[in-house]
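Subject: Structure for you to look at

Hello,

Here is the structure I promised to pass on. Please open it next to this email and follow along. My notes come after it.

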Amino acid sequence: MGYLQLRRQSSAAYGYLERLLKSFHPDIDPLPDLLGLCTQIDNAMTEIKESRRRLETAGRWFKQIRDYEKLPETSVTNQLANDAQEPLKMFARMALRELQDGDVSTTESAEHTE
């Protein structure tokens, strides 16, 4: 493979990866080199995986709340369900807002990519 052909392929790969990154994070400035761009995509994927993990956790918590609601009606079970619902609803709303805004960065995900 000649130098010019390699250069064209590298340029095409960079363009493809740049579009891919922009589909995850429209406001991000892609790094100018191919390896840097790949690192940004890796970081974006790690953030998405972390957000998915948090949403799955929230889903399990909501299921537990629904299970509480199936218990016999008593003041104790009602209070347990009511006490648990608000913080979990708030957590799920925050996680969904992060996904919608594209702001899914966390300290944990940053640690995974170093």
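Does L17 count as buried or exposed, and what is its relative accessibility? Try to answer from the model before you read on.

L17 counts as buried, because its relative accessibility is 18% and the cut-off for buried is under 20%. Keep in mind that this is a predicted model.

**Where L17 sits**

L17 belongs to helix α1, which covers residues 3-24. Leave out residues up to four places away in sequence, and L17 touches L34, L37, C38 and I41. Take L37 from that list. L17 and L37 are 20 residues apart along the chain, yet 7.1 Å separates their C-alpha atoms.

**The core around it**

L17 is also part of the largest nonpolar core. That core has six residues: Y14, L17, L21, L37, I41 and A44.

Look at L21 next. Setting aside neighbours within four places in sequence, L21 is in contact with I28, P30, L37, Q40, I41 and A44. Among these contacts, L37, I41 and A44 are core members too.

**The chain as a whole**

Now zoom out. The chain has four helices and zero strands. Along the sequence the pattern reads α-α-α-α. There are 114 residues, and 25% of them count as buried.

Contacts reach along the sequence as well. Take the contacts with a separation of 6 or more: 45% of them join residues 24 or more positions apart. The chain exposes about 8400 Å². Carbon and sulfur atoms supply 56% of that area.

**Two salt bridges**

How many salt bridges does the count come to? The count comes to two.

One links the side chains of E50 and R53, with 2.6 Å from N to O. These two residues are three apart in helix α2, so about one helical turn separates them. Their surroundings can be compared with the cut-offs. E50 counts as buried because its relative accessibility is 8%. R53 is partly exposed, because its relative accessible area is 39%.

The other salt bridge joins R52 and E56. Their closest N and O atoms are 3.1 Å apart. Both residues lie in helix α2, four residues apart, which is about one turn of the helix. R52 counts as exposed, because its relative accessibility is 57% and exposed means over 50%. E56 has a relative accessible area of 38%, so E56 is partly exposed.

The chain averages a pLDDT of 76, and 58% of the residues score at least 70. Helix α1 has the highest mean pLDDT among the elements, at 92. Helix α4 (residues 107-113) has the lowest, at 41.

Which residues have a pLDDT that stays under 50? Residues 104-114 do. The model still has 20 contacts for them beyond four places in sequence. Where pLDDT is low, predicted coordinates should not be read in detail. So treat those contacts with care, because low pLDDT rules out a detailed reading.

Then move on to the six residues of the core, and finish with the two salt bridges.

Best wishes

Technical notes: Residues numbered from 1 in each chain as written. Predicted model: local features only at pLDDT ≥ 70, side-chain atom pairs only at ≥ 80, totals over all residues. Heavy atoms only, no water. Buried < 20%, exposed > 50% of the residue type's maximum accessible area, 1.4 Å probe, protein only. Contact = heavy atoms within 4.5 Å. Areas by Shrake-Rupley, 256 points an atom, 1.4 Å probe, with all protein chains shown as cover. pLDDT = per-residue confidence, 0-100. Core = buried A, V, L, I, M, F, W, Y, C linked by side-chain atoms within 4.5 Å. Salt bridge = Lys/Arg side-chain N within 4 Å of Asp/Glu carboxyl O.
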